[in-house]
Amino acid sequence: MHIVIVNRWPRFTEGVRWDHELTRYDEFIDHEEHQVSYVVDRVGATGVRAARERIAAMAEVEDISSFEDLRAAVTQVVQQVGRPVDQIITLSEFTLDAVARVRQALGIPGPGPEEVAVYRNKVRMKELLAEAGLRVPHFAGCESVEQTLEFAGTCGYPLIVKPVDGAGSIGVHLIEDEQALRALCGTQELDGNEIEEFISGTVHHVDGFADADGKIVFQVVSRYLNDCLSFEGGAPLGSVVLQRGELRERVEQFTQSCVTALGMRGMPFHLELFVTEAGELVFLEVAGRIGGGEVPYLIHKLFGVNLFEVWLKSLTGKPLPATPKDGDPAGGWLIMPKPRVLPAEVLSATRMSSLAGSVWRELVPQPGDVLDASGGYDSLQSGRCMVVQDSEAQAEADLRHLMEHFRIEFSSR
C-alpha cells in the first residue's frame with residue numbers, strides 16, 4: 001500500500017516531555033512492506049522519526065488543518081511516488097475534517113465527511129443517539145437568532161452554547177439567562193454552533209477501541225475532577241480511573257450502546273457523559289480519536305495498552321495487539337492551568353512529587369521558562385502530573401491535595 005500519514009505533533013527527546021512518545025509511526029507501520037509518505041507542518045516535521053531513505057515522499061504545508069493545503073500536498077506526494085494513495089492516516093482531531101474532505105476529493109478509501117461528522121459534529125451525533133433511544137441533552141443547531149431564542153425559551157436556562165465541531169471546551173459558553181444569550185447573539189456569529197440543555201452532574205470520560213465489528217475490545221472509565229469548561233475558566237483539571245463496581249459496568253454498557261448507534265468501527269473513541277445525582281447517564285459528546293492530555297499515557301502505565309499502537313495496526317490490517325485488562329489498577333492525572341495573563345515568566349514552582357509520593361511523572365516549568373497561549377492540554381502548563389495509587393479514593397485524595405497545595409509564581413512579560 002501507499003500510505004500517507006498527516007502529522008502535526010512534535011516529538012520530544014530530552015526525556016522530560018512524554019507527549020507523543022506513544023505515537024511511533026515508524027514502529028507500528030512497516031515502512032518496508034508499505035510505501036509510507038508524510039504530510040507535515042513545521043512542528044509536525046519534528047515528529048517524523050523514520051529514516052529518510054525509508055520514506056517514500058514528504059511534503060510540508062503551512063496550515064495542516066487546511067483542506068486546500070492538504071489536497072495540494074497529497075497531490076504532490078502522489079506525483080513524487082508515482083502511485084495513488086491507498087490509505088491516508090491522521091490521529092489528530094484538528095485534522096480529521098480536512099483529511100476526510102481530501103479522501104473524498106481525491107478518491108482515497110476511508111471515512112469521508114459524512115462519516116466523520118458522526119463523531120465530529122455534535123448535532124449529528126446527538127441526532128443519531130436520540131433516534132436510538134439513548135439519553136442526550138435537549139439540543140438544537142443555532143441556525144438563526146430567532147430559532148436559538150425560541151429553543152432557549154422552551155428549554156429553559158441555564159444553557160450551553162458551543163461549536164458543533166469544537167474540542168477541549170474552546171468556544172463553549174454557559175448561558176445563565178435570556179439577557180446573556182441576547183448579548184452573545186449580538187457579539188458573535190452563532191452559525192456553526194449548537195445550543196443545548198444544561199445537565200447537572202459529574203462528567204466522566206471513557207477511552208477505548210472498537211473493533212471492525214463495532215465491539216469494544218478495551219475501555220477505561222474515568223471521572224473528571226472539575227471539567228474541561230471549568231479548566232477554560234482557570235480551574236485545575238484532572239480525572240481518576242474508576243475501579244470495578246456497578247457504576248463502571250453501567251457506564252461501559254452505555255458506551256457500547258453509543259458506539260453501536262454511531263456505527264463506530266475499527267477506531268478509538270473518547271466519549272464523555274454525565275452521571276446525574278439521580279444516577280442517570282446522559283451522553284455529552286464523543287470523538288473518534290484517542291483522548292488528549294495524559295489519558296493515553298496513564299492507560300499505558302496502568303494497563304500496558306498503547307491505544308496508538310492498536311489504532312495504527314488496525315488501519316494497516318495487522319492483527320490487533322493484546323488489550324488485557326488485568327487487575328484493577330488505580331491512578332489519575334492533573335493539569336494546573338496557565339495564568340490568565342500571558343505570556344508569563346516562571347519565578348518559582350513547587351515540584352509535584354514533593355507533595356505526593358504517588359506522582360509517577362510530572363512536568364513543572366522551571367524558573368525562567370515562559371508560558372504562552374500556544375498549545376492544548378499537552379503544552380507546557382503551570383504543572384502536569386500522573387499518579388499511580390492503590391485505590392481510586394487514594395488517587396483522588398492525592399490529586400486534590402496537589403490542587404490545593406501546588407504553588408507557582410509568575411512575572412508578567
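1. Two rings of Phe, Tyr or Trp, the last taken by its six-membered ring, are treated as a pair if their centres lie within 6.5 Å, and planes over 60 degrees apart make the pair edge-to-face. The model under review is predicted. A search of the whole structure on this basis returns four aromatic pairs; two of them are discussed below.

2. Trp-9 pairs with Phe-308 in an edge-to-face arrangement, with 6.0 Å from centre to centre and 85° between the planes. Trp-9 belongs to the loop between β1 (2–7) and α1 (25–28), while Phe-308 is part of helix α11 (residues 307–315); the pair therefore ties together parts that are 299 residues apart in sequence. Both Trp-9 and Phe-308 are buried.

3. The second pair is formed by Tyr-25 and Tyr-38. Their ring centres are 6.2 Å apart and their planes stand at 75°, so this pair is also edge-to-face. Since Tyr-25 lies in helix α1 and Tyr-38 in strand β2 (residues 35–40), the contact ties together parts that are 13 residues apart in sequence.

4. Are Tyr-25 and Tyr-38 buried or exposed? Tyr-25 has a relative accessibility of 3% and therefore counts as buried. Tyr-38, at 1% relative accessibility, counts as buried too. The cut-off applied here for a buried residue is under 20% relative accessible area.

5. Charged groups over aromatic rings also deserve attention. Arg-17 lies over the face of Phe-12, at 4.1 Å from the ring centre. For Arg-101, the charged end sits over the ring of Phe-67, at 4.0 Å from the centre of that ring.

Terms used. Residues numbered from 1 in each chain as written. Predicted model: local features only at pLDDT ≥ 70, side-chain atom pairs only at ≥ 80, totals over all residues. Heavy atoms only, no water. Phe/Tyr/Trp six-rings, centres within 6.5 Å; stacked < 30°, edge-to-face > 60°. Helix = DSSP H or I, 4+ residues; strand = E, 2+ residues; numbered from the N terminus. Buried < 20%, exposed > 50% of the residue type's maximum accessible area, 1.4 Å probe, protein only. Lys NZ or Arg CZ within 6 Å of the ring centre and 35° of its normal.
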